[in-house]
Amino acid sequence: MNTSNTSSRRTGDPLWRPAIGLSLFGLLGTGLVYATLATGISGSLFPAQADGSLIRDADGQVRGSLYLAQPFVGDGYFQTRPSAANYDPMAAAGSNMARSNPDLVKRVGETTAAIAAREKIDPATVPADLVTQSASGLDPELSPAAVQVQVARVARTRGWPEARVQTLVAVHTQNRQWGVFGQPRINIVALNRALDQAAYAPDAGRACNSAQSRP
C-alpha cells in the first residue's frame with residue numbers, strides 16, 4: 001500500500017472545499033444577494049432617481065432625463081453647452097481635442113460669434129461653458145453667468161418681464177455642494193421645464209414638450 005500517495009490526497013482534499021466555498025460566496029453573495037438588495041433598497045427609497053430621473057409629458061411619454069443635457073428648439077428656451085456626443089447617452093464622450101487643435105480653435109471661435117450675435121452681447125463676454133463641451137457631452141448644468149446672458153432673449157421671446165424669468169433662475173440656482181465643493185450651477189433641463197410649467201400652468205405636463213428629440 002502506497003501510504004505517501006494516500007496521505008497526499010487526504011492532505012489536498014480539504015483545500016478544494018474552502019476554495020469552492022469562497023467562490024460560491026463571492027458569486028452568490030456579492031454578485032446576486034448584494035446586487036438584489038442594493039437595487040431593491042435604492043428603488044424603494046429613491047424610485048425616481050433609480051429609474052433615471054425621467055421627465056414625462058401628459059401622455060406619459062418620456063421626454064428626457066433631468067440629468068442628461070438635450071437640445072432645445074426656439075429662442076424661448078435656455079440653451080445648454082455644446083455636446084461632442086450630439087446629446088446621445090449611448091455615445092457619451094468629449095471631443096478629446098487639445099487646446100492647440102486648429103479645429104477646436106475654429107469651432108470655439110465660430111460658436112462664440114454665434115452666441116454673441118444671438119444674445120446681442122460682446123463676444124468677449126460670452127461665458128466659456130457656452131462654447132466648450134463637457135467631458136461626457138451630457139452635462140445639463142451651466143454657470144449662473146452663462147444663464148444670465150440668455151435671460152433677456154428668453155424673456156423677450158416669451159413676452160415676459162425679465163423679472164419673471166429671473167425669479168425662475170434664482171429658484172433653480174444651486175449653490176456649492178455642502179457649501180464647499182464645486183461651483184454655483186443651474187440645471188438647464190429643469191429650468192426649461194419650469195418655464196413651460198409657468199407658461200402652461202396648471203397643465204404642467206406639457207413641460208419639455210418643445211425639447212428636440214435626439215437626432
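Q: How many salt bridges does the structure hold?
A: The structure holds five. Bear in mind that this is a predicted model.

Q: What does Arg-153 pair with?
A: Arg-153 forms a salt bridge with Glu-119, and the closest N and O atoms are 2.8 Å apart. This pair links distant parts of the chain, with Arg-153 in helix H4 (residues 144-158) and Glu-119 in helix H3, 34 residues apart.

Q: Are those two buried or exposed?
A: Both Arg-153 and Glu-119 are buried.

Q: Which residues are in a network with them?
A: Arg-118, Glu-119 and Arg-153 are linked in a network of salt bridges.

Q: What about Arg-158, what is its salt-bridge partner?
A: Arg-158 forms a salt bridge with Asp-196, with 3.2 Å between the closest N and O atoms. That pair also connects distant parts of the chain: Arg-158 sits in helix H4 and Asp-196 in helix H6, 38 residues apart.

Q: Why does Asp-196 count as buried?
A: Asp-196 has a relative accessibility of 1%, and buried means under 20%, so Asp-196 counts as buried.

Q: How many bridges join E3 and E5?
A: Two bridges join E3 and strand E5 (residues 185-187), in the antiparallel sense. Glu-141 has Asn-187 in E5 as its bridge partner.

Q: Which residue forms a salt bridge with Glu-141?
A: Arg-185 does, with the closest N and O atoms 3.6 Å apart. Here Arg-185 in strand E5 and Glu-141 in strand E3 are 44 residues apart, and the pair links distant parts of the chain. Arg-185 is buried, with a relative accessible area of 18%.

Q: New topic: where is Thr-80?
A: Thr-80 lies in the loop between strand E2 (62-65) and helix H3 (102-119).

Q: Buried or exposed?
A: Thr-80 is buried, at 12% relative accessible area.

Q: What does Thr-80 touch?
A: Leaving aside residues up to four places away in sequence, Thr-80 touches Ala-69, Gln-70, Tyr-87, Asp-139, Pro-140, Leu-142 and Ile-188.

Notes. Residues numbered from 1 in each chain as written. Predicted model: local features only at pLDDT ≥ 70, side-chain atom pairs only at ≥ 80, totals over all residues. Heavy atoms only, no water. Buried < 20%, exposed > 50% of the residue type's maximum accessible area, 1.4 Å probe, protein only. Pairing = 2+ DSSP bridges. Helix = DSSP H or I, 4+ residues; strand = E, 2+ residues; numbered from the N terminus. Contact = heavy atoms within 4.5 Å. Salt bridge = Lys/Arg side-chain N within 4 Å of Asp/Glu carboxyl O.
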